[in-house]
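Subject: Structure for your review

Hello,

Please look through it when you have time.

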Amino acid sequence: QVQVVESGGGLVQAGGSLRLSCAASGIFFSINNMGWYRQAPGKQRELVATITRGGSITYADSVKGRFTISRDNAKNTVYLQMNSLKPEDTAVYYCNGVFYYSGSYRDYWGQGTQVTVSS
């Protein structure tokens with residue numbers, strides 16, 4: 001009933017920028033928290049940034065000052081602006097959303113988008 005689709009990944013040189021987008025579609029009443037996570041080869045998936053429905057934001061220490069998360073509730077979309085990229089940012093980036101429908105909250109993930117930062 002819910003689809004979450006990321007876009008905007010690619011290959012960029014160190015110091016460059018990318019903007020990721022995550023669009024949700026389907027039948028649901030509302031979206032609460034949304035967030036970005038990433039997973040590098042051989043490592044655990046880690047939180048990058050989250051944003052609540054009301055706009056409260058958290059960041060991982062490793063991306064503070066470089067990444068910016070935002071959302072457009074009318075479009076059911078969350079964005080991640082990534083600046084000053086480093087090789088250690090290389091990972092598959094996943095979008096997550098908590099949706100309310102059928103009387104409860106449910107968690108959905110996108111398929112992931114690859115971000116590769118060359119030195």
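A nonpolar core here is a set of buried Ala, Val, Leu, Ile, Met, Phe, Trp, Tyr and Cys residues joined through side-chain atoms within 4.5 Å; buried means under 20% relative accessible area, exposed over 50%, and partly exposed in between (1.4 Å probe, protein chains only). This is a predicted model, in which local features need pLDDT of at least 70 and side-chain atom pairs count only at pLDDT 80 or more, while totals for chains, interfaces and linings use all residues. Residues are numbered from 1 along each chain as its sequence is written, and side-chain values use heavy atoms, with hydrogens and water left out.

The largest nonpolar core has 30 residues, and W36, L80, M82 and Y93 have the most contacts inside it. Its largest share, five residues, comes from strand 9 (strands are DSSP runs of E, at least two residues, numbered from the N terminus). Beyond its neighbours within four places in sequence, L80 is in contact (heavy atoms within 4.5 Å) with residues including W36, V48, F67 and Y93.

The whole structure has six aromatic pairs (Phe, Tyr or six-membered Trp rings with centres within 6.5 Å; planes under 30 degrees apart are stacked, over 60 edge-to-face, the rest tilted). The rings of F29 and Y100 are edge-to-face, because their centres are 6.3 Å apart and their planes at 75°. F29 is exposed, at 70% relative accessible area, and Y100 is partly exposed, at 29%. Ring pairs also link F28, F99, Y101 and Y108 into a cluster.

Regards

Terms used: Helix = DSSP H or I, 4+ residues; strand = E, 2+ residues; numbered from the N terminus.
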